[in-house]
Amino acid sequence: MSLSLNSGLWDTSPLFQNAVMDLEMAAKTMGLDHNVLERLKSPKRAFCCSIPVRMDDGSVKVFEGYRVHHSITLGPGKGGIRFHPEVTLSEVSALAMLMTMKCSLVGLPLGGAKGGIRVDPSQLSRPEHQALIRRYTMEIIGMIGPDKDIPAPDVGTDSQHMAWMMDTYSTSVGHAVPGVVTGKPMDIGGSLGRPESTGRGVVYVIEHAIEMLNKKGPGKLALNKCTAAVHGFGKVGNVAANELHLRGCKVLAVSDFYGGIYNKDGLDIPDVMDHMQKFGSLEKYPKADRISNEQLFALPVDILVPAAIDGVITNKNMKSIKAKIISEGANGPMTSEAQQYLESQGVFIIPDILANAGGVIVSYFEWVQGLQNFFWSEKEVNEKLAEVMLKAFNRVAGNSDKFKCGMKTAALITSVERLSQAMLLRGLFP
Ligand code: NAD
């Protein structure tokens, strides 16, 4: 399919180009209004700044930061802040577009945004982390707020970063504003179940996929007899691996930035989590063999969960993949070409905007609880999360049947149906 791009500013990354290609494919399949498509292909606004930080040794280092609002048609922007050495404005713009699609897909009154700082988080001390996120918050302060744009953690950031962001914003306006971020610690208005929500959601949709595939086809899969591999062992990957393990699925391999670990009889995931907690990496985990990230993708497992970064399943490794189900914990882990190839081989792909939507769904619950100052039990949070995810899964599966397309295109169609209706109702200013 030919790709028509507009910018040269935010459309330079493969992730953005893939996102536009996927969107164009969905638009063609559903017969989307061309004007709506044109508007969705570009972010609404994109902001870049330099962030000077006094380092521990007294020197000043300058980092590059971004915040992008892709769409605020359905409500305030929503999306994480990424600390990664290779982050670019274009990557952040693509991730903001995915957030727009995700929030629309699961029916939230939120738009799509994303932020990032080009930094290797492992090279910063805790005070340097704090200085960096506080100064970044001040640089983007005009863009964020509970009614404007609500950041959350992403790769390389966590609840502590959100606490510092909330404090910086609150100090600048003179009163506590917990609703300016989600993914906060519990003591300052976080939600129970938020840290686990994305990984849990990744596994809920695997359960729905197995149930649906068993109804449709002759083969019978049972999660407690399946094997799995999980790429990335951070906030999403370790919870997804543990939720699979808790359901009796054998997780044969997990990996992080430094490579992977493998045990043909299944890893003891709680023990791996303990090791990670103590040492901060999977390196030197004693009770498994070492494998590379590439070897992990090629393992003969039933379920593959990419839960690290984008662009890891491409035309270079797609032919080595043997999994029957791929649940995209990460945002944009697969190129369009790899997705089309794998779907043509019968692999059932649960796309990112559906599979990892649990995080933004519980972020929305956190925001709602904070606005009402009324907090729910973890059971309530998990039940509501499961309900929203099941509804979204069924709508996507329904569109996949209706339009005779894969789940990725169907998920985008489902998002765009709602979003385009809202855009047409609101009209174009002036
Ligand atoms: P994280 O920083 O907690 O974990 C990232 C993991 O990926 C770490 O284990 C890291 O070592 C590994 N990693 C990084 N670069 C790698 C590489 N080149 N090869 C292999 N492993 C690598 O981040 P996270 O919050 O778990 O996010 C992971 C993915 O999930 C991202 O794509 C993020 O956008 C997406 N996501 C996160 C959430 C959330 O709630 N945290 C929600 C939706 C989507």
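This is a predicted model: local features need pLDDT of at least 70, side-chain atom pairs count only at pLDDT 80 or more; totals for chains, interfaces and linings use all residues.
Residues are numbered from 1 along each chain as its sequence is written, and side-chain values use heavy atoms, with hydrogens and water left out.

Let's start with the overall layout. The domain assignment gives domain 1 (5–16 + 32–180) and domain 2 (197–355), with bounds that come from an automatic or database domain assignment. Their C-alpha centres sit 27 Å apart. The two domains do touch: 15 residues of domain 1 are in contact with nine residues of domain 2, where contact means heavy atoms within 4.5 Å.

Now for the ligand. Where does the ligand lie relative to domain 1 and domain 2? Both domains give residues to the shell around the ligand, so it lies between them. There are 23 residues around the ligand, and Arg-82, Asp-154, Thr-198, Lys-235 and Asn-331 come nearest; to be counted as near, a residue needs one of its heavy atoms within 4 Å. Sorted by class, that shell holds eight nonpolar, nine polar and six charged residues. In this scheme Ala, Val, Leu, Ile, Met, Phe, Trp, Tyr, Cys and Pro are nonpolar, Asp, Glu, Lys and Arg are charged, and the others, Gly among them, are polar.

Zoom in on the oxygen atoms of the ligand. One of them lies 2.8 Å from a polar side-chain atom of Thr-198. Asn-331 also uses its side chain, with an N or O atom 2.8 Å from an oxygen atom of the ligand. Val-236 brings its backbone instead, placing a polar atom 2.9 Å from a ligand oxygen. On its own the ligand has 830 Å² of accessible area, and the protein covers 86% of that; such areas come from the Shrake-Rupley method with a 1.4 Å probe, and for residues only the protein chains shown count as cover.

Next, a few buried spots. Ser-104 lies in helix α3 (residues 89–105); helices here are DSSP runs (H or I, at least four residues), strands are runs of E of at least two, and both are numbered from the N terminus. Ser-104 is buried, because its relative accessible area is 0%, and the cut-offs are under 20% for buried and over 50% for exposed, with partly exposed in between (1.4 Å probe, protein chains only). Leaving aside neighbours within four places in sequence, Ser-104 is in contact with Leu-74, Ser-415, Arg-418 and Leu-419.

His-161, in helix α5 (residues 159–173), counts as buried too, at 5% relative accessibility. With neighbours within four places in sequence set aside, its contacts are Phe-83, His-129, Ile-133 and Gly-156. Past that helix, Val-181 has its place in the loop between α5 and α6 (194–216). Is Val-181 buried or exposed? Its relative accessibility is 1%, so Val-181 counts as buried. Beyond its neighbours within four places in sequence, Val-181 is in contact with Ile-150, Pro-151, Met-162, Met-165, Met-166 and Glu-366.

Ala-338 belongs to helix α10 (residues 336–344) and is buried at 0% relative accessibility. Lys-316 sits in the loop between β10 (303–306) and β11 (325–327) and is exposed, with a relative accessible area of 76%. The two are 22 residues apart along the chain, and 8.8 Å separates their C-alpha atoms. Ala-338 touches Ile-313, Thr-314 and Met-318, not counting residues up to four places away in sequence.

Asn-373, in the loop between α12 (358–372) and α13 (378–403), has a phi near 50 degrees, a positive value in a residue other than glycine. Lys-404, in the loop between α13 and α14, likewise has a positive phi, of about 50 degrees, although it is not a glycine. Asn-373 counts as exposed at 64% relative accessibility, and Lys-404 is exposed with a relative accessible area of 74%. In the segment after α14 (407–426) you'll find Pro-430, and the peptide bond from Phe-429 to Pro-430 is cis, with omega near 5 degrees.

Terms used. A polar contact is a pair of N or O atoms within 3.5 Å; within protein, one must be able to donate a hydrogen and the other to accept it, and residues adjacent in sequence count only if both atoms are side-chain atoms.
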